[in-house]
Amino acid sequence: MRALPLAAVLLFDTSRQAVVPFEPGPEVRLYVCGITPYDSTHLGHANTYLTYDLLIRRLEDRGHTVKLVRNITDVDDSILPKARELGIDFLELAAAETARFHGDMVALNTRPVFNEPHATQWVAEMVEMVQTLDEKGHTYNVDGTVFFDVSTFESFGAVSGYDEATMIEFAAERGGHPDDPRQRNPLDFILWQPSLDDEPSWPSPWGPGRPGWHIECSAMAKGTIGETIDLHGGGSDLIFPHHECERAQSEAANGVTFVTHWMHCGMVAYEGTKMSKSLGNLVFVCELSKTADPRAIRLALMRHHYRTDWEWFDGDIDAAAELLDRLYAAANAGNGPDPVPYAKRLRAALDDDLDAPAALAELSALADGINHGGSDESAPTILRELAALCGVDLTAPVAPLY
Ligand SMILES: [Zn+2]
């Protein structure tokens, strides 16, 4: 008997504003914008990276090989002032925070990356891409600052679908300078800029300086997984301007489609307030891990669909710890109900726009079934396999941490 072909994975595509089939080839090229290493990993980061991790696990489960590139933005407008404030070299700060980030990603059991390019190691490629854009007439230079001229790229705005007023508002909030009198259009953005006296600089045809934020990801994506990416991800705050500008530069320079599918994650707030550095209410993974099993953090985040904006409450970790205890007990119990329907529903949930809460409900229901007894001795093994598919390893005991 021949196995029926699997139904396609369905995922929401930001640029199409619809749930559509995601049908990559056997090898999936996935680029997710990584951290700027000037502070610790907070729950918003964890939520983003665990979302793509869950997708990767399901794609691997379906037989794909996934090449994940997650960059480190070790030079940009955020890390340099922070290093100045701390009185240390920016690369020293980047190395320390990158090491902490790696520790958090290991604790959260994320799949390994195919490549983790550091922006400072790809500056020559960034300069080369700006040169190409220059040759193709997409730039203008004002006293050593090179801008991308959005009027030369007709479909600017196609990723976000935002109107011009919204784009200008977000550009001002998220690192752009729509009021800069040197710009021909408020939405033009920096490709290359002179460095301040105490900032790092690299040689370029426009004088020594440093790259703009957006060109970094365009060059690193091209250099690591090529000119066309199957799926590009990041938080929804990166839709504009970052991803819009990435696409404009990459397609203007390379002449081919940059991204086949755009997938973005919602934002995490803290008990009713936006989680932000300036408000001092960031919930850090390393702090939470001091009193909570990292698997419980993962389960707590899975309770929310990736596309929703949601709020973290301190009690969330207790509910997730209770679920972890229940899952672990069931994974080590005797017989249970027939696990096959649970496995089918869990995989179907993941294939239906990565519905993590529905997948989690199946894990919980199977655990409850096992804990109530049954006649199928494969149930605990299948529960362990399904939990592993969700990134939760039930082979290690749950330590009484508090
Ligand atoms: Zn990026």
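Biologist: In this predicted model, does F101 count as buried or exposed, and at what relative accessibility?

Modeller: Buried means under 20% relative accessible area, and at 2% relative accessibility F101 counts as buried. Y49, at 6% relative accessibility, counts as buried by that cut-off too.

Biologist: How many aromatic pairs are there, and what is the geometry of the pair formed by Y49 and F101?

Modeller: Planes over 60 degrees apart count as edge-to-face. The count comes to nine aromatic pairs; in the pair of Y49 and F101 the ring centres are 5.6 Å apart and the planes stand at 75 degrees, so this pair is edge-to-face. Because Y49 lies in helix α1 (residues 43-61) and F101 in helix α3, the pair ties together parts that are 52 residues apart in sequence.

Biologist: What kind of aromatic pair do F156 and F189 form?

Modeller: F156 and F189 form a stacked pair, with 6.4 Å from centre to centre and 20 degrees between the planes. F156 lies in the loop between β6 (145-148) and α5 (164-173), while F189 lies in strand β7, so the pair ties together parts that are 33 residues apart in sequence. Ring pairs also link F156 and F189 into a cluster with F148, Y162, F170 and F240.

Biologist: Which residues of α2 are buried, and what covers them?

Modeller: The buried residues in α2 are I79, L80, K82 and A83. Seen down the axis of α2, the buried residues fall within an arc of 165 degrees, so they line one face of the helix. Their cover includes α3 (90-107) and β8 (210-211).

Note on methods: Residues are numbered from 1 along each chain as its sequence is written. This is a predicted model: local features need pLDDT of at least 70, side-chain atom pairs count only at pLDDT 80 or more; totals for chains, interfaces and linings use all residues. Side-chain values use heavy atoms; hydrogens and water are left out. Buried means under 20% relative accessible area, exposed over 50%, partly exposed in between (1.4 Å probe, protein chains only). Helices (H or I, at least four residues) and strands (E, at least two) are DSSP runs, numbered from the N terminus. The arc is that of the directions from the helix axis to the C-beta atoms. Contact means heavy atoms within 4.5 Å. Rings of Phe, Tyr and Trp (its six-membered ring) pair if their centres lie within 6.5 Å; planes under 30 degrees apart count as stacked, over 60 as edge-to-face and the rest as tilted.
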